[in-house]
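Here's a quick tour of a two-part model, written to be read with the viewer open. Have a look at the structure first, then follow along below.

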Amino acid sequence: MKSFLHSYLKWGGRMKKAFIIACSNFRKSKGQMISIAAIMLIVGMMLNLWLILQFDYKKNFDRNHDKLNAEHVMLAVSVNSEKERDAVRKLLAGIMERDGRTDDFYMDEAMFGYGSFECNGGAINSNFIYLDRETAVSRPIGQIEIVEDSDETSGVYMPFIYKSEDIAIGKEVKITIGTREMCYTVCGFTNSVMAGSNNCSVCELVLTEDKYKELKKMAGQGENMLVSENGILCSVRLKDKADCENYYAMLQNKLRTKYPSAGIGGNYYTMVIQARYISQMICAGIISAMAFLILLIALVIIASNIINYIQENMKKLGVLKAIGYTGNQIIGAFQIQFLSVSLTAVIPGASLSYCIFPVINEMMISQTGIPYQMHFLPVPFLITVGILVGAVFLTVWTAVGRVKKLEPIIALRQGIQTHNFKKNHVRLEQVRLPLNGALALKTTFGSAKNNVTICISMLVVTLVLAFSAVVTENVIFDIDTFINMIVGETTDSAINITHDIEDEFLQIVSADERVEKVYLYSAAKVSHVDGEILEATIIDNYEELNNQNVIIKGRFPKYDNEIAIAAKYAKRKDIDVGDEIVVAIDGTEGTYLISGFTQVTNQLGLDCILTRDGYMKFGHVNFMTYSINLKDGTDVDAFNTDMEARFGNNINGTINVDAVVYAGSLVYVQLMTMIVIGILILSVCVIAFVLYLLVRTRLGNKKQDYGIMKSMGFTTKQLIIQNSISFMPPVILSTIIGLFVSSVVINPLIAVFLSGIGIVKSTFRVPVGTIIVEGVVTVIITFLILCFMSRKIKKLSPHALLTGE
Amino acid sequence: MQNILLKTENLSKSFSNGGVMQHVLKNIDLELYQGDFTVIMGASGAGKSTLLYAVSGMDTPTLGTIMFADTEISALSQDELAVFRRKHCGFVFQQIYLIDGMSLMDNVLSAGLLVNKDKKAVVDRAKELFASVDISEELYEKFPTQISGGEAQRVGMVRALINQPEILFADEPTGALNSQTGLDVLNTLTEFNNQGQSVVMVTHDMRSARRGNRILYLKDGVITGECNLGTYRHGDMGRHEKLSAFLSEMGW
């Protein structure tokens, strides 16, 4: 005990001395400490935001999944008769009961079919599962929660994700089912974890009992509504949710083999969680990248600050060592100084993230459609504090290590040994530069550590600028590239017809003066025998397609034995261009040669392209979709209505593709606009903080030099410009290199960010002009900030500068 | 009749110290003449350096006027004062104040090129001045931390004289030097003065003060006495006695 007390008192005494030095250092560098604190506050805020988004936001999906006892695999099947439906039900029950992976399952009656409705000024298209309210809320597996209800007794409950100004309680929503437009009053909103959004592959719409019966009656009367009254909704819970993908593929394959004409839709846990959290992934990725880049800048600043301090206060350190302070006490003082600053900034910074989070949460809920209740999360908070404090501790330890080895006499001589090898990089006698430029350049060469700090900061900032330029160009201003990358093929109108009228349809549409081009672009499903169900696109001639960039490696399929498959899927299955795969179409297996890789995110990297001949070798087509390019100024809806009137029941549905794409992309535009604005503001703040620290340090270090120069007759303006210019060579150089390198690496980086949604190769245009302008503006803004911050020189008289007052 | 280089009227300088005003210079009327080696003496805290920096445009007076030829320098802005200093003044400081990050040659050229854009002419003059103060060519590219104090002060003088200033202001130029190097510096100053360079020097060292031809004594911010010693001649003992008598009279 005595020994412990003795050690404690000894340690306490040592720390007290270190604390005294730390306080003294802190007093002398209040400005720098406040700036470091400001940067650490931003880093703390962003890191905590990222951790919340990354770890808890997705867990919210599981919380909801558990709450509603949701399924791991969902299968919606529509068949032609009640008898067939019972047979399918029996088949599925048998398969699921026998499979050891099944934990529990539930099947009930539901209608299933294709439809669309207007939302956010565009159209939402999906395979909808129509359930009646009582069935929906009482399903033992895959229950649907009513999150907002009303007194309305007749109408529809819409998924929460579509809640908007147009789709609100009491308002009417028009749902197009096949060629029929159904008008329903919105009674409330639902939370369906597995089918609560159109990007889940299937989407559940809950109808009140009367409306459900009405729809079933219409479907039963043979109305061509692309909806079947004989539908089954099958929900399966698995013992291990990791099996969901294979289980889903197995169910589909078996069903398709036995009932090739059945309409089958569905999804599984991993696909849905990925689909519903695309925005969260993008947002979390960007926030984490920014957080770590700014942390890097903060650490470089701290290291540079310490190294500068040691350089400038060598004599003082020598005195401290001479009077008996140990190296550890001096190092301890630096640790106390920077750790206390970091802690006082990181804790409020992490707390501040809870003030910012509601804005991000609102944006995210509009993307995921799953309500998230914000609450304090101690683990991300502690991880944030731990990471940042640890990083600062290691940085200080590394930067200050030199002090430990420093001999007092060398320190007292102000490390004079180090001066002996000083080089004169800019000799005024020889240099062909104006005097102020030459003197500025001299300062630049004499400030290697500052230059490193500037370069790292500017490289980070330029990467962010290049990213914002690319996003602005390809998403915010002109969304076509983004849409081509995400959606694949886009056109004006898509019309689904019955196979029997194909020739007549083509003849009439081709003759229509409003039409520019009509080509086959039809969807079907095929099964990769060793893998999963792929969403197939059937084409006649790839040269007719508007987007030739869908293929990112190899080429489109030309012949009937060729197939192009999703690059992400191919990578996962270790398949390359030139390999052969066995594909089952309508239950018949055939071998196809892989001609190329596609990149479309619609199916989250589970898609393929086949020629019509290639598909028809084994498959059968009852319906087919033609894409139509219309001449500029043509009203797409009017054209579609004309076609519906002309071909009547032989048209199963029309889509205004423009409107659909617009509605789907709007959220991305909004998200990206917010991200770009955020990171630009953040970049300016980071530049300003870094420059403030550097200028302040420089003015402190060169106070006497500027005093001497003022006495020699240099004006304040000359010194301000000289000081500002001295920072510019590393600024300009790192901006040029940074923008060049960023322009080269930005697409691969974006591909990494978007890899979760099936992007393997990003093909965004890199706007060279915009990036050059950004570079020039950055350099100018930096120079102006430097001049602004250097204006302190003005306040000091030469006499005061000389005497260091 | 000597030409007046600089003239002050009612020159006052006050500082606020903890809310209490300290009047360091009080209504000083002073004329400095061309070619003179003026020495300002006085006890510590008498205001010698304050007077030097005020008349040289390094510091602004609280009251009064300072005229340099037809220019009222007390009315100039900071930037105008800077231009005035670079054209008309040279400074030698006790702490020398060379810029550590520059070579000796660059220390001098940075002042010279500020006024004269003809680089060759400036470099030639620098070399000429270096030679006159016994700074050899090998030292040109050395840095201030790599030379002795005496050498550094001589470089300081070269820098002060590079633009051929009308007045050379020296604030205790031997204060930080040992006896021999201090003597060398004084010899150099005397030599330049003999060549027509006007010098105003602040010192509290009698050995240094003997070099001046005009001695002003400052006490509590007021010039209380003036003594004319005539042109300096080496070994002139009468000069020493005259100065001693003057200083005794002033209460030194």
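## Ground rules

A residue is called buried if 20 or more other C-beta atoms lie within 10 Å of its own, exposed if there are 12 or fewer, and partly exposed in between, with C-beta atoms placed from the backbone. This is a predicted model, where local features need pLDDT of at least 70 and side-chain atom pairs count only at pLDDT 80 or more, while totals for chains, interfaces and linings use all residues. Residues are numbered from 1 along each chain as its sequence is written, and chains are lettered from A and ligands numbered from 1 in the order in which they are written.

Most residues other than glycine have a negative phi, and most peptide bonds are trans. Asp134(B) is not a glycine, yet its phi is positive, about 60°. You'll find Asp134(B) in the loop between α4 (119–132) and α5 of chain B; helices (H or I, at least four residues) and strands (E, at least two) are DSSP runs, numbered from the N terminus. Asp134(B) has 12 C-beta neighbours inside 10 Å, so it counts as exposed.

Asn27(B), also not a glycine, has a positive phi of about 45°. Asn27(B) sits in strand β2 (residues 20–33) of chain B and is partly exposed, with 15 other C-beta atoms within 10 Å.

Chain A has 25 helices and 22 strands. Its C-alpha atoms fill a box of roughly 100 × 75 × 55 Å along the principal axes, and 50% of its 805 residues count as buried.

## Where the chains meet

Contact here takes C-beta atoms, placed from the backbone, within 7 Å of each other. By that rule, 27 residues of chain B are in contact with 25 residues of chain A. On the chain B side, α2 (78–88) and α3 (104–115) each supply at least two residues, and α3(B) gives the most, with 7. That side has 15 nonpolar, 6 polar and 6 charged residues, with Ala, Val, Leu, Ile, Met, Phe, Trp, Tyr, Cys and Pro taken as nonpolar, Asp, Glu, Lys and Arg as charged, and the others, Gly among them, as polar.

## The sheet in chain B

Chain B has an open sheet of 6 strands in the order β6-β7-β8-β3-β9-β10, with mixed pairing; two strands pair if DSSP finds at least two bridges between them. Which strands stand at the edges? They are β6 (89–93) and β10 (222–228) of chain B, each with a single partner strand, so one side of each has no neighbour in the sheet. Further in, β3 (residues 37–42) and β8 (residues 198–202) of chain B pair in the parallel sense over 4 bridges, and Thr38(B) stands opposite Val200(B) in β8(B).

Helix α5 (residues 149–161) of chain B lies across β6 and β7 (167–171), running at about 165° to β6(B). Axes are lines fitted to C-alpha atoms, for helices over the stretch in contact, and angles run from 0 to 180 degrees between N-to-C directions.

Terms used. Two residues are in contact if their C-beta atoms, placed from the backbone, lie within 7 Å.
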